[in-house]
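Thank you for sending the model. My notes are set out below as numbered points, to be read with the sequence and structure in view.

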Amino acid sequence: MTDHLTIKDLGLEFRTRHGVVRALEDVSLTVKRGEIVGVVGESGSGKSVMAYSVMGLSDAAAEIKRGSIVLGGMDLLATKGEALRAIRGREMAMIFQSPRTALNPIRKVGRQIEDVLMEHEAIPRRDLRKAAIAALERVRIPDPERRYDAYPFELSGGMCQRVMIAIALACSPSLLIADEPTTGLDVTTQAVIMDLIRDKSRDGRMSTLLITHDLGLAGEYCDRIVVMHAGHVVEVAPTEVLLSRPAHPYTLQLLAATPTPTSTLDTLPSIGGQLPDLRRDLPPCRFSERCARKLPQCDVPPLPWTTLSPDHIVRCRVPL
Amino acid sequence: MTALPEYAAHPTPLLDAQRLSKLYPVKGSAKGTLLHAVDDVDLRIGAGECVGLVGESGCGKSTMVRLLARLIDPTSGQILMGGKDITGMTQAKFVASPDRGRIQVVFQDPTESLNPSFRVFQAIADPLRRLLRLSDADEIATRVNRAATLVGLPRELVQRYPHQLSGGQRARVGIARAIVVEPELLILDEPTSALDVSVQAVILRLLADLRARLGMSYLFVSHDLNVVRLLCSRVVVMYLGKVVEVGPVEQLFANPRHPYTQALIASIPDPARRREARPRLDGSPSSPISPDPNVCRFQSRCPRAAAECVTTMPALRDLGGGQSAACHFA
């Protein structure tokens, strides 16, 4: 498989009244064609900031200092304005957290699908409705003809999320970014939505970046997992490898803290400390202040990448 | 051998909800019909027991929470607290009754449920002033500090505002202000869903520890089944306003008998089973508005639905060992 999305050495800062927040530093990752890659980490780890910078939707206070984002040979950071709008929605699409807030509350959901189709596809006006209904059908919304006329408030959370997936998939994008697509949904609905995303990725040869705080979810659906902590990528590995042989102490702690059917309250650990304040001068390893294995050399820059196998890399001086 | 449910050891359960229903009149085109949010539900919680309440959104979990906390009046049915009927007075009167402080709720999102202009001290002191009618400043300070210590909130944070606290600290404030009036029943509505997994275990252990030390009973509402099994001894599963299965937690997880419970458990993400195709519950629940009393509510999505499911509503049936399910085929 070839690399489809390549993020290299991305550095992003937010200018705030309280100082410069170094939200992303040296973030690199790749997504191959047809692959589902999970990005996991606590809130504040920079997962969503990274996703938004791929989509070119970063906050006005954000400034990309270094690095590159390349999608299918196209330099996304150099693409602006109309050219970016032509790609967004067509080549790459995003599913947002909380579908109810992301959808337009006063526009029929069918119309919202037509909006995307009209922007990017040369579909005659009279065929738009049929195309929108077909898009609803593809995400297995029952009775799509009737749902076309529904407003978001008339649909359940799971149905709204399906509509958002239908919008995202309307133009068959080659990259799908799903930012916590099932947060706030029931487990039964979550399973159906995630199966849908997986099936669509598989048969559309679509690359998917799944942003989630739930390692269990990433573990079930992703081919590879990228672990982020405080704006750094700390470990990248194929899912089975990451779950069975984590090499970064933070990955190990995240795994241990995720409840499983065999966890008990006595054995379930938490992760000590908090994410560091990203406005401060930070040590090369941003996890070192929370790390029980810290050694004096952890404070000596630069922090190296250790390659454990061709597809398993970890950013730690003393990997497990 | 399976242990008996904890309430069985006590002649009178702490909380005994009998045939509880909440029906809402529907507005608009379907005027005159009723939405069955909670429909004829029995629920018992023993002294010191922790009961989990699970089900998908719209199943009536939140309505149950609000009924049991007496934030809304039931349409019919009774709630007995230590044998005493607390549904005799309206919700408006209950607010001023001494029983108000016996039931407290820890709400879902600690950020949304704290008053942003109250310092932590005020947030915890407020229920003391309102529910216990305390006015002595020293006594209030003593109790607030004791509650803050119990939940592991450092003394210096007591004078801060919610926005100056981390998510885990806010969760502790939410718990502190609920336990400060020393309730007998603490209702926990998704207490960890807004927290990172890094602090989830600390808060769950804190809750388990508080229950042991203060002898409270918990009703733990959550959609995270792996979390429910950590804290609870017994689980109640609801579907569309009805209880469909009840049982001791390990037994229910190992051998769910109702098809809905089975689907619920099969939906928990599990990396160990990523290559398996598992049963999925597609479609939406049927309408809760004026449902046919003779049709099983789950029938339209049920893989095992048969002719008798549309003619007879299955009642909860004892399956032994404290487990019961409302299914003809369980």
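The points that follow take the basis of the model, then each chain in turn.

1. Basis. This is a predicted model, in which local features need pLDDT of at least 70 and side-chain atom pairs count only at pLDDT 80 or more, whereas totals for chains, interfaces and linings use all residues. Residues are numbered from 1 along each chain as its sequence is written, chains are lettered from A and ligands numbered from 1 in the order in which they are written, and side-chain values use heavy atoms, with hydrogens and water left out.

2. Chain A overall. Chain A has 11 helices and 12 strands, where helices (H or I, at least four residues) and strands (E, at least two) are DSSP runs numbered from the N terminus. Its radius of gyration is 20 Å, which agrees with the value near 20 Å for a compact globule of 320 residues; the radius is taken over C-alpha atoms, and the globule rule is 2.2 Å times the number of residues to the power 0.38. Along the principal axes, the C-alpha atoms of chain A fill a box of roughly 70 × 45 × 40 Å.

3. Burial and surface of chain A. Buried residues make up 53% of the 320 residues in chain A, with buried meaning under 20% relative accessible area, exposed over 50% and partly exposed in between (1.4 Å probe, protein chains only). The accessible surface of chain A comes to about 13600 Å², and 52% of this belongs to carbon and sulfur atoms; such areas come from the Shrake-Rupley method with a 1.4 Å probe, and for residues only the protein chains shown count as cover.

4. Strand E1 of chain A. Strand E1 (residues 3-16) of chain A contains A:Asp3, which counts as partly exposed at 41% relative accessibility. Not counting residues up to four places away in sequence, A:Asp3 touches A:Thr30, A:Val31 and A:Lys32, contact meaning heavy atoms within 4.5 Å. The C-alpha atoms of A:Asp3 and A:Leu320 are separated by 28 Å.

5. Partners of E1(A). E1(A) runs antiparallel to strand E2 (residues 19-32) of chain A, to which 10 bridges join it, and two strands are taken to pair if DSSP finds at least two bridges between them. The hairpin from E1(A) to E2(A) passes through two residues, and A:Glu13 has A:Arg22 in E2(A) as its bridge partner. E1(A) is also joined by eight bridges to strand E4 (residues 62-71) of chain A, again antiparallel, with A:Ile7 opposite A:Ile69.

6. Chain B overall. Chain B has nine helices and 12 strands. Its radius of gyration is 21 Å, close to the 20 Å that the globule rule gives for 330 residues, so chain B is as compact as a globular protein of that length. Of its 330 residues, 53% count as buried, and chain B exposes about 14200 Å², with 51% supplied by carbon and sulfur atoms.

7. The eight-stranded sheet of chain B. What is the order of the eight strands in this open sheet? The order is E6-E7-E8-E3-E9-E10-E12-E11 (chain B), with mixed pairing. Strand E6 (103-106) and strand E11 (317-320) of chain B each have a single partner strand, so one side of each is left without a neighbour in the sheet. Six bridges join the antiparallel strands E9 (residues 234-239) and E10 (residues 242-248) of chain B, and B:Met238 has B:Val243 as its bridge partner in E10(B). Helix H6 (residues 197-214) of chain B packs on the sheet, touching strands E3 (50-54), E7 (185-189) and E8 (217-221), and its direction makes about 155 degrees with that of E8(B); axes are lines fitted to C-alpha atoms, for helices over the stretch in contact, and angles run from 0 to 180 degrees between N-to-C directions.

8. Helix H4 of chain B. H4 (residues 137-150) of chain B has 14 residues and reaches 20 Å from its first C-alpha to its last, close to the 20 Å expected at 1.5 Å a residue; the expected span is 1.5 Å times one less than the number of residues. Its buried residues include B:Ile140, B:Val144 and B:Leu150, and the buried residues of H4(B) pack against helix H3 (120-131), helix H5 (167-179) and H6 of chain B. Just after H4(B), B:Gly152 takes a positive phi of about 75 degrees.
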